[in-house]
Number of protein chains: 2
Amino acid sequence: MEEQIDSVGKAFVDHYYHLFDNDRPAMSSLYQPTSMLTFEGQKLQGVEDIVTKLTQLPFDQCRHVISTVDSQPASVTGGIVVFVSGSLQLPGENHPLQFSQMFHLSPTPQGNFFVLNDIFRLNY
Amino acid sequence: MEEQIDSVGKAFVDHYYHLFDNDRPAMSSLYQPTSMLTFEGQKLQGVEDIVTKLTQLPFDQCRHVISTVDSQPASVTGGIVVFVSGSLQLPGENHPLQFSQMFHLSPTPQGNFFVLNDIFRLNY
């Protein structure tokens, strides 16, 4: 069970940042109308608002490098919390930015997960 | 609703780090048998294991300074996720350590919250 949670967390994180770095509009597949994103303190809700925010960030290309992924089961109904730390390389910046991000993944009736809670912060 | 979630999150964070910095054994009141803590990658479960880990950390006194607290409702059943960034000053260390921590708070039948999920990472 514990290993399964860890592999789901890691697989989700790989998928999430792969889409973020290569095909941001496709991230709409990760969210649902109840999804929430708090990005550097700004609160957004719902697929459209969240994906608009992510696609309109003031850089076109970026590369996430993941340092740690910690996952835990979040409820008896199959939710998972995932906590990520890593760095973000932006075009034209010499130094990567450190960040932390948490996700609360909620199961869908189809046996997949969607992002119910998403909180992102840069670490200064 | 949103303001209420924010104030619960902030009140919890104040309470949590006040106990951590002043009375670590009393943190047993925050956890229940189903609680999980992942501390720098080490997984613990249950009140006793979690509080033993926290009280046996290799420093007696410390001081948390909170930079950001972001909270979101985590489910229709009243859970809340809280994401914290800040710094940790240890005795004898010149420089504070940056950290991030997330909590998933779950409601009790008595109308309080306990920590169901707790993940802590230092940010290097």
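This is a predicted model: local features need pLDDT of at least 70, side-chain atom pairs count only at pLDDT 80 or more; totals for chains, interfaces and linings use all residues.
1. **Aromatic pairs overall.** Over all chains, the whole structure holds 19 aromatic pairs. One of them joins Tyr16(B) and Phe20(B): the ring centres are 6.3 Å apart and the planes meet at 45°.

2. Buried or exposed? Tyr16(B) is buried, at 0% relative accessible area. Phe20(B) also counts as buried, because its relative accessibility of 7% falls under the 20% limit.

3. **Aromatic cluster in chain A.** Ring pairs also build a cluster in chain A. Its members are Phe12(A), Tyr16(A), Tyr17(A), Phe20(A), Phe39(A), Phe99(A), Phe103(A) and Phe120(A).

4. **The cavity.** How many cavities reach 30 Å³ or more? The count is one. The largest cavity holds about 40 Å³ of space. Its lining consists of Tyr16(B), Phe20(B), Leu37(B), Phe39(B), Leu54(B), His64(B), Gln101(B), Asp118(B) and Phe120(B). Three elements of chain B each give two or more residues to this lining: H1, strand S1 (31–39) and strand S6 (113–122).

5. Six of the lining residues of the largest cavity are nonpolar, two are polar and one is charged.

6. **The interface between A and B.** Here 28 residues of chain A touch 28 residues of chain B. The area buried between the two chains is about 2400 Å². Carbon and sulfur atoms give 55% of that area. Which three residues of chain A supply more than any other three? They are Lys43(A), Gln72(A) and Phe83(A), with 26% of the area that chain A buries against chain B.

7. **Ser87(A).** Ser87(A) is in strand S4 of chain A, residues 80–89. With a relative accessible area of 15%, Ser87(A) is buried. Setting aside neighbours within four places in sequence, the contacts of Ser87(A) are Arg63(A), His64(A), Val65(A), Pro96(A), Leu97(A), Gln98(A) and Phe99(A). Among these contacts, Phe99(A) is also a member of the aromatic cluster in point 3.

Note on methods:
Residues are numbered from 1 along each chain as its sequence is written. Chains are lettered from A and ligands numbered from 1 in the order in which they are written. Side-chain values use heavy atoms; hydrogens and water are left out. Rings of Phe, Tyr and Trp (its six-membered ring) pair if their centres lie within 6.5 Å; planes under 30 degrees apart count as stacked, over 60 as edge-to-face and the rest as tilted. Buried means under 20% relative accessible area, exposed over 50%, partly exposed in between (1.4 Å probe, protein chains only). On a 1 Å grid over the protein atoms alone, a cavity is a set of points where a 1.4 Å probe fits but cannot get out, and a pocket is an open set with protein on both sides within 12 Å along at least five of seven lines; lining residues have an atom within 4 Å of a point. Grid points are joined across faces, edges and corners, and a volume is the space filled by probe spheres set on the points. Helices (H or I, at least four residues) and strands (E, at least two) are DSSP runs, numbered from the N terminus. Ala, Val, Leu, Ile, Met, Phe, Trp, Tyr, Cys and Pro count as nonpolar, Asp, Glu, Lys and Arg as charged, and the others, Gly among them, as polar. Contact means heavy atoms within 4.5 Å. Buried area is the accessible area (1.4 Å probe) that two parts lose on being put together, summed over both.
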